[in-house]
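Take a slow look at the fold before you read on.

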Amino acid sequence: MTKSRDNGLKAPRPDGHWWRQAAVYQIYPRSFADDDGDGLGDLAGITARVPYLASLGVDAVWLSPFYPSALADGGYDVADYRDVDPKLGTLADFDVMIRALHAAGIRLIVDIVPNHSSDLHVWFQEALASEPGSPARERYIFREGKGEGGAEPPSDWVSNFGGSAWTRVGDGQWYLHLFAREQPDFNWSNPGIREDFLTTLRFWSDRGVDGFRVDVAHSLVKDLSEPFRPSVDRAHDQPLPVDGSDPLYDRDAVHAIFESWREVLNEYDPPRSAVAEAWVPRPRRLLYARPTELGQAFNFDLLLAEWHPESFHRIIADNLTDARQSGASSTWVLSNHDVVRHATRYALPPEVDRNEWLLGGGTDPIEDRETGLRRARAATLLMLALPGSAYLYQGEELGLFEVADLDAAVLQDPTWERTGHEQKGRDGCRVPLPWTRDGSSFGFGSDGAHLPQPAWFAGLSVEAQDGEEGSTLEFYRRALHLRERLQGAEELEWISERDHSLLHFRRPGGWNSVTNFGDHRVQLPAGAVVVSSGPLEGRMLPPDTTAWVVD
Ligand code: NOJ
């Protein structure tokens, strides 16, 4: 059990299993808080907000990339894996930040991006300056082109952001990049790459980092035997095969890499945690989460689910079965920096194509924000009652909606250009947070924000919600603090209800979570209601509402 100190701050869990049921808050650093007033969030901004994170009651922060980067893909184009982007601070600032987090009882998970570097990484620059076939080129995936003069790309593989996955360099060779052209893929058959990432894991672990979030963990190993075989089109969400047969993704040989990572992570006391970002079919996810590998893998099923009790029930039951089988704990996610915020998803009819909707500036149809936020809060409370880790994304505790009307001129996501403006991309969930009601950037920084914030941010700012009974922020705080009491056995018992619009489960200690997905109010079970996602009507649970009841 997590203990409270006299000063009200949580002490870090003393054991090596803290991550199994942690509430983890994702910080997208350039959009969190800007201390130096350059319009980009930074590490000092995070340090200054540690009291806010402590008051929220999260167990850990997952920090998206803060490494030197030209920000071609929001920092997922890393130019140096063992340093801090000067735009965001220094290694000394990092040390100050981690100390402040730890002093507040909050762990730190950092993002690690092993599939690709930035094209500005010294190794890629060296590769460009070197001959075809040279050792420097062998760190990446360079090939000759096809057709007359090698003018055609070596294969028809597409980038996840649209367009060809190959780019040609001056001497005529092509290099592979599963994302933007500024993100050349590493060649993981090269022992030097394998060794270097182990060094990076040690570098950050030595600095006190508690865990790692592994970016596109399923793509490191590729079948590059020729002729190249077709791969699924990830840019258009084609599903991956369940047998590991795709040439680019989810190949069985990737697991040996993570076994070697686990050995390094286990050199530490407590062992460093890791969570795989792997958009793979459910049965394959287990493999990444094995205790001999990363220990956890993101489960994006809830994030993809419609607001429906059967979908939620099936997803929860399946994932808990998986977790039991693999020895991992499950993870739950409703929002992150890559998807439309869940308050907006639930505010739109399920048949709406969200990209089309974003392209139209979010006007057709108009969001039903009241329903969206009500459901978002209900889904969050349900998620926080589940065994396993809950990953929260900055701003969801304010009930932020997607900023759907960003002008084309300000878009930063490479998807926008790479798809020839067919996909608007992910900037709408990455707009800098509003801290205050007024000010040039609602308290984000002293001099504007790198993406424009809408006027409606004022009413959802931290200042507007702090201490306000019934606000989304106070609701998150209460739920997260109560959740600590749930961190006992990872058990869940389903309670069947005659009314199928209800989802009711019990956790150890007489803890019930009841969600009403239907359109009429229902009677709550006996017991004390400790928190609800929206107002109750006496003992009646209104539609789109979750309550925790302790009997
Ligand atoms: C997944 C990250 O979450 C996303 O933001 C990024 O664009 C890709 N990986 C490429 O690194």
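First, some ground rules. This is a predicted model, in which local features need pLDDT of at least 70, side-chain atom pairs count only at pLDDT 80 or more, and totals for chains, interfaces and linings use all residues. Residues are numbered from 1 along each chain as its sequence is written, and side-chain values use heavy atoms, with hydrogens and water left out.

Start with the whole protein. It contains 16 helices and 18 strands. Both are DSSP runs, numbered from the N terminus: helices are H or I with at least four residues, strands are E with at least two. The radius of gyration is 23 Å, close to the 24 Å that the globule rule gives for 551 residues, so the protein is as compact as a globular protein of that length. That radius is taken over C-alpha atoms, and the rule is 2.2 Å times the number of residues to the power 0.38. Along its principal axes, the C-alpha trace spans about 75 × 50 × 45 Å.

Of the 551 residues, 62% are buried. Buried means under 20% relative accessible area, exposed means over 50%, and partly exposed lies in between (1.4 Å probe, protein chains only). The protein exposes about 20,500 Å², and carbon and sulfur atoms supply 50% of that area. These areas come from the Shrake-Rupley method with a 1.4 Å probe; for residues, only the protein chains shown count as cover. Charges come next. There are 54 positive and 85 negative side chains, and the centres of the two sets lie 5 Å apart. Lys and Arg count as positive, Asp and Glu as negative; His and the chain ends are not counted. Each charge is placed at NZ of Lys, CZ of Arg, CG of Asp or CD of Glu.

How does the chain meet itself? Take contacts between residues at least 6 apart in sequence: 66% of them join residues at least 24 apart. A contact means heavy atoms within 4.5 Å. Ile109 gives an example. This residue lies in strand β3 (residues 107-112). At 2% relative accessibility, Ile109 counts as buried. Beyond its neighbours within four places in sequence, its contacts include Trp18, Val61, Phe212, Ser273 and Tyr391.

Aromatic rings come next. The structure holds 41 aromatic pairs. Rings of Phe, Tyr and Trp (its six-membered ring) pair if their centres lie within 6.5 Å; planes under 30 degrees apart are stacked, over 60 edge-to-face, and the rest tilted. Phe66 and Phe94 are stacked, at 5.3 Å centre to centre with 25 degrees between the planes. Phe66 sits in the loop between β2 (60-63) and α3 (91-103), while Phe94 is in helix α3, 28 residues apart. Both Phe66 and Phe94 are buried. Compare Phe161 and Phe179: their ring centres are 5.2 Å apart and their planes at 70 degrees, so this pair is edge-to-face. Phe161 is buried, with a relative accessible area of 6%. Phe179 is buried too, at 10%. Rings also gather in groups. One aromatic cluster includes Tyr81, Trp123, Phe186, Trp261 and Tyr288.

Tyr288 leads us to a helix. Which residues of helix α7 (residues 282-289) are buried? They are Arg284, Arg285, Leu286, Tyr288 and Ala289. Their cover includes α6 (254-265), β8 (273-276), β9 (295-297), α8 (301-304) and α9 (309-326).

Finally, check the backbone. Most residues other than glycine have a negative phi, and most peptide bonds are trans. Here are some exceptions. A cis peptide bond joins Asp269 and Pro270, with omega about -5 degrees. Pro270 lies in the loop between α6 and β8. Another cis bond joins Asp364 and Pro365, with omega about 0 degrees. Pro365 is in the loop between α11 (354-359) and α12 (369-384). Asp237 is not a glycine, yet has a positive phi of about 60 degrees. Asp237 sits in the loop between β7 (211-214) and α6. At 68% relative accessibility, Asp237 counts as exposed. His421 also has a positive phi, about 70 degrees. His421 is partly exposed, with a relative accessible area of 38%.
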